[in-house]
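Have it open while you read, and go point by point.

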Amino acid sequence: MEKMKVKLNWPLVGNRHIFEFLAKSLSNKNVSGSYIFAGPANIGKNTAAHYFARSLVCESSNQPALSCGACQACQEAIKGTHSDIYLIKKETDKKNISVDQIRGFIRSLGLSSFLNSYKIGIIRGADSLSEGAANALLKTLEESKVKVVIILTVADIEVLPKTIISRSQILRFQPVESDTIYDDLIKNHGASRSQAKNFSRLAAGRPALAVKFLEDNEYCEDYKAKVQSFIDFLSPDLNQRFKAIEKILGERVHNQESANLAGKIIDIWQNLARDLMLEDLGLADLVQHQAFDKELAAMKNKLNQPAGQAGLKSLLSLINILKQAKEHIGFNVSPKLALEKAAVSL
Ligand SMILES: [Zn+2]
C-alpha cells in the first residue's frame, strides 16, 4: 500500500489502518455504499463512524477529504442535528432493533438530500438487528443508491447475515496495545502515571473504556462493586452466594434490562476468573485486574477454603459454570435463576 500523507485528525487511538483506509477512499472519492465496523465495544468504532460521516458532509475545501470541524455541516454533525446523518440503535428496554425502526431509517435515507451531498445512516450495535430488520436492510443494500452510505457497527460480525456481510466493506478494529492507551491517557486526558497504568490494563485493548474509567466516577464505582460482588459470590456459604446475587440484581423483574445487567456482571466475573488462572500459571504480567490485587487475593482465598486448592482445574470449572450461566440467560432463563444455578454448581 502506498504511504498516506494525510495527517490523522480523528481522535482515534490505535487502529491507524482504519483511518488510513477511510481517508484514502475519501480522497480518491471511492466510497462504498455499505461498511461494517467490527470489533469489541469501546474500541473506537463509533468515533470512527462519526468522523467518517462528518468528513462525507464537510463543506470545507481547505482539507479535502477530512472533516474540518468548523464549517456549518461539521458543526451540525457535531451537535447531532445534521439532516443528512441518521443514527439508530437498539432502545434500552428492547431485545433488538425492530423492523419498524429499520423501515423509518430506510425512508429517511431515501429522501433526496437538499444539498446533493451524501446521506449517511449509522446503525449502532447492528448485532441486535431482528431477523425482519436485517431482511429489510438487505433489500436496501441490494438497491444501493449513489451517495447513500450505511455504516453498521458490530461487536460480533458472525451474527450478521452472510448476505449483508458480502455486500459491505468490512473494517476490523483490533485491540489497542496497553502502552498506546497508557500514552493517550497521559497525553490527552491528564491521567497520572498510576491511573494510566491501572486503567490501560483494565481496558484490555479498548481505549474508550480506559477513558471511561478515568473520567466517569460513577462507572468506576459501579465496576468496583461488581468486582466486589464476585468475592461474595465465591463464598463457601451458599446463603452468602445467594445474597450476593440478590444484592447485584436488586428487585429487578426478569426483563431485557436485568438480562443485560447480568450479562455484563458475568463478563467481568469471567475476566476475573481468567486473571486468577493467569496468576496461577505465573503470567501475572497479563493480568487485566492488576489494580484489584487485594480483591484477587480475597477471591483466591475463598476458592482455597473448601477444597484446599485454587488450582487450574477448579478455575477452569468456574469459568465453565459462568459461561453456562451466560448461555442460559441468552436462552431467556431468568438472570436470577441462571446465577443461582451457577452458585449451586460451584
Ligand atoms: Zn467541515
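1. Start with helix H7 (residues 178-189) and H9: their axes come within 10 Å and cross at roughly 50 degrees. Axes here are lines fitted to C-alpha atoms, for helices over the stretch in contact, with angles from 0 to 180 degrees between N-to-C directions. Helices are DSSP runs (H or I, at least four residues), numbered from the N terminus.

2. A caution before going on: this is a predicted model, where local features need pLDDT of at least 70 and side-chain atom pairs count only at pLDDT 80 or more, while totals for chains, interfaces and linings use all residues. Residues are numbered from 1 along each chain as its sequence is written.

3. So H7 and H9 are oblique to each other, oblique being what is left after under 35 degrees (roughly parallel), over 145 (roughly antiparallel) and 65 to 115 (roughly perpendicular).

4. Which residues make the contact? H7 brings Ile 181, Asp 184, Leu 185 and His 189, and H9 brings Pro 207, Ala 210, Val 211 and Leu 214. Contact means C-beta atoms, placed from the backbone, within 7 Å. By class, that is 6 nonpolar, 1 polar and 1 charged residues; Ala, Val, Leu, Ile, Met, Phe, Trp, Tyr, Cys and Pro count as nonpolar, Asp, Glu, Lys and Arg as charged, and the others, Gly among them, as polar.

5. Now zoom out: the domain assignment, automatic or from a database, gives domain 1 (16-172), domain 2 (177-215) and domain 3 (217-345). Domains 2 and 3 touch through 6 residues from each.

Terms used:
Two residues are in contact if their C-beta atoms, placed from the backbone, lie within 7 Å. Helices (H or I, at least four residues) and strands (E, at least two) are DSSP runs, numbered from the N terminus.
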